[in-house]
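The entries record what I looked up, topic by topic.

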Amino acid sequence: MKNVIKKFSRELEVVAALAVIMVVFGVIQPIYFSPSNLLDILDQSVINGLLAIGMTLVIITAGIDLTVGSTLAIVIVSVGNFLVMGLNPFAAVLAGAAIGFGLGLVNGILVAKMKLQPFVATLGMMSVYRGVAYLITGGWPVLNIPQNFRDIMDGDVIGTLSSSMILFLVVTVAAYILLKHTKFGTYLYSIGSNEEATRLSGVNVRLWKIIIYVVAGAFMAVGAVLYSARGGLVQPAEGVGMELNVIAAAVIGGTSLSGGRASIPGALVGAILMETLKKGLTMMSIAAEWQFVVTGIVLLLAVVIDNLRRIRENAA
């Protein structure tokens with residue numbers, strides 16, 4: 001038991017923080033603990049959770065991907081157009097995943113082959129991708145997303161448990177296995193901990209960096225596909241500013257911006273914590289501007305805590 005607690009100490013800390021936040025909001029607004037509200041928090045955490053998993057894969061290598069929101073925009077308007085044109089829902093999902101795959105490939109090439117700083121490369125592509133999303137639709141929303149697609153991707157399966165939540169759990173387990181029990185995960189941690197030593201050991205670091213961004217793009221595309229099933233329309237303006245929430249969820253969950261450390265379960269809990277904060281502040285009628293302030297403060301606190309933890313470990 002002690003080993004389990006030690007292994008998941010950061011995740012347990014986040015769970016404890018989540019419990020405290022929920023208690024505070026519950027005391028202020030008793031309706032906060034209503035089953036419908038709690039289920040809504042979990043349901044709304046699905047999208048950010050999937051995007052946070054993709055972001056986590058990149059951050060492990062001491063990289064960053066600021067194209068999250070723009071990637072989501074391209075995928076949802078593309079999938080929306082495919083569906084409106086009559087494409088089979090499952091084919092549309094595969095097309096969306098392929099688009100995320102391709103966008104991640106571009107990011108990976110810029111970072112690994114062109115040797116651009118991840119922040120600079122993805123910051124530039126964030127604007128490019130957003131423009132592409134607008135070009136695809138001419139700036140107009142895509143209307144009349146077929147109901148059968150929405151039912152398949154986000155319909156209730158078991159009681160109030162939606163298909164999107166089930167898919168989220170499956171993807172989370174797959175990502176955990178990928179990181180903890182495959183060569184892919186081993187190389188990610190190695191590159192993030194010491195890229196030069198990894199290269200000298202014979203690993204093709206450039207190739208693996210490209211693969212990392214590609215896989216991350218595919219994970220993000222899955223989140224985007226589910227996002228497109230949440231309503232009857234999608235538009236190219238969706239996902240603006242989403243990068244902050246996604247990065248915050250990953251970092252709060254135990255992923256270090258310095259690389260070499262990450263937690264898929266932590267990213268899941270981090271996404272739930274961010275949605276818990278958002279929901280609580282909304283129920284308290286706190287203005288949206290202040291929600292951005294709170295998100296930024298939470299992210300800064302998570303980074304500070306991570307830095308203090310590293311200092312303590314290095315001193316031990």
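Predicted model: local features only at pLDDT ≥ 70, side-chain atom pairs only at ≥ 80, totals over all residues.

**Entry: α3 against α11**

I began with helix α3, which spans residues 35-59, and with α11, which covers 205-228. I found that α3 and α11 pack with their axes 8 Å apart, at an angle of about 175 degrees. Since angles over 145 degrees count as roughly antiparallel, α3 is therefore roughly antiparallel to α11. I then listed the residues that meet: from α3 they include Val46, Ile47, Leu50 and Leu51, and from α11 they include Ile212, Tyr213, Phe219 and Met220. Sorting the contact of α3 with α11 by class, I noted 17 nonpolar and 2 polar residues, with no charged residues.

**Entry: α4 against α6**

Next I looked at helix α4 (residues 68-84) and helix α6 (residues 118-137), whose axes come within 8 Å and cross at roughly 20 degrees. An angle under 35 degrees counts as roughly parallel, so α4 and α6 are roughly parallel to each other. I also checked the hand of the crossing of α4 and α6, and noted that it is left-handed. On the α4 side the contact is made by Gly69, Ser70, Thr71, Ala73, Ile74, Val77, Ser78 and Asn81, while α6 contributes Met126, Tyr129, Arg130, Val132, Ala133, Ile136 and Thr137. By class, I recorded 8 nonpolar, 6 polar and 1 charged residues in the contact of α4 with α6.

**Entry: α7 against α8**

The residues in contact are Asp151, Ile152, Met153 and Asp154 of α7, together with Ser163, Ser164 and Leu167 of α8. I noted the classes in the contact of α7 with α8 as 3 nonpolar, 2 polar and 2 charged residues.

**Entry: salt bridges**

How many salt bridges does the structure hold? I noted 5 salt bridges, and I followed some of them in detail.

Aspartate 43 forms a salt bridge with arginine 230, and the closest N and O atoms of this pair are 3.5 Å apart. The two residues are 187 residues apart and link distant parts of the chain, with aspartate 43 in helix α3 and arginine 230 in the loop between α11 and α12. I looked up their accessibility as well: aspartate 43 counts as buried at 16% relative accessibility, whereas arginine 230, with a relative accessible area of 24%, is partly exposed.

Arginine 230 also forms a salt bridge with aspartate 154, the closest N and O atoms being 3.1 Å apart. With a relative accessible area of 18%, aspartate 154 is buried. Putting these pairs together, I recorded Asp43, Asp154 and Arg230 as linked in a network of salt bridges.

A further salt bridge joins the side chains of lysine 209 and glutamate 195, at 3.0 Å from N to O. Lysine 209 is in helix α11 and glutamate 195 in helix α10 (residues 195-200), 14 residues apart. Lysine 209 is buried, with a relative accessible area of 15%, while glutamate 195 counts as partly exposed at 35% relative accessibility.

Is serine 256 buried or exposed? I found serine 256 buried, with a relative accessible area of 0%, in the loop between α12 and α13. Setting aside neighbours within four places in sequence, I noted that serine 256 is in contact with Ile59, Arg261, Asp306 and Arg310.

Serine 190 is found in helix α9, residues 183-193, and counts as partly exposed at 27% relative accessibility. Again leaving aside neighbours within four places in sequence, serine 190 is in contact with Glu195 and Thr198.

Definitions and conventions. Residues numbered from 1 in each chain as written. Heavy atoms only, no water. Axes fitted to C-alpha atoms, helices over the stretch in contact; angles between N-to-C directions. Helix = DSSP H or I, 4+ residues; strand = E, 2+ residues; numbered from the N terminus. Parallel < 35°, antiparallel > 145°, perpendicular 65-115°, else oblique. Left-handed = near helix turned anticlockwise from the far one by under 90°. Contact = heavy atoms within 4.5 Å. Nonpolar A, V, L, I, M, F, W, Y, C, P; charged D, E, K, R; others polar. Salt bridge = Lys/Arg side-chain N within 4 Å of Asp/Glu carboxyl O. Buried < 20%, exposed > 50% of the residue type's maximum accessible area, 1.4 Å probe, protein only.
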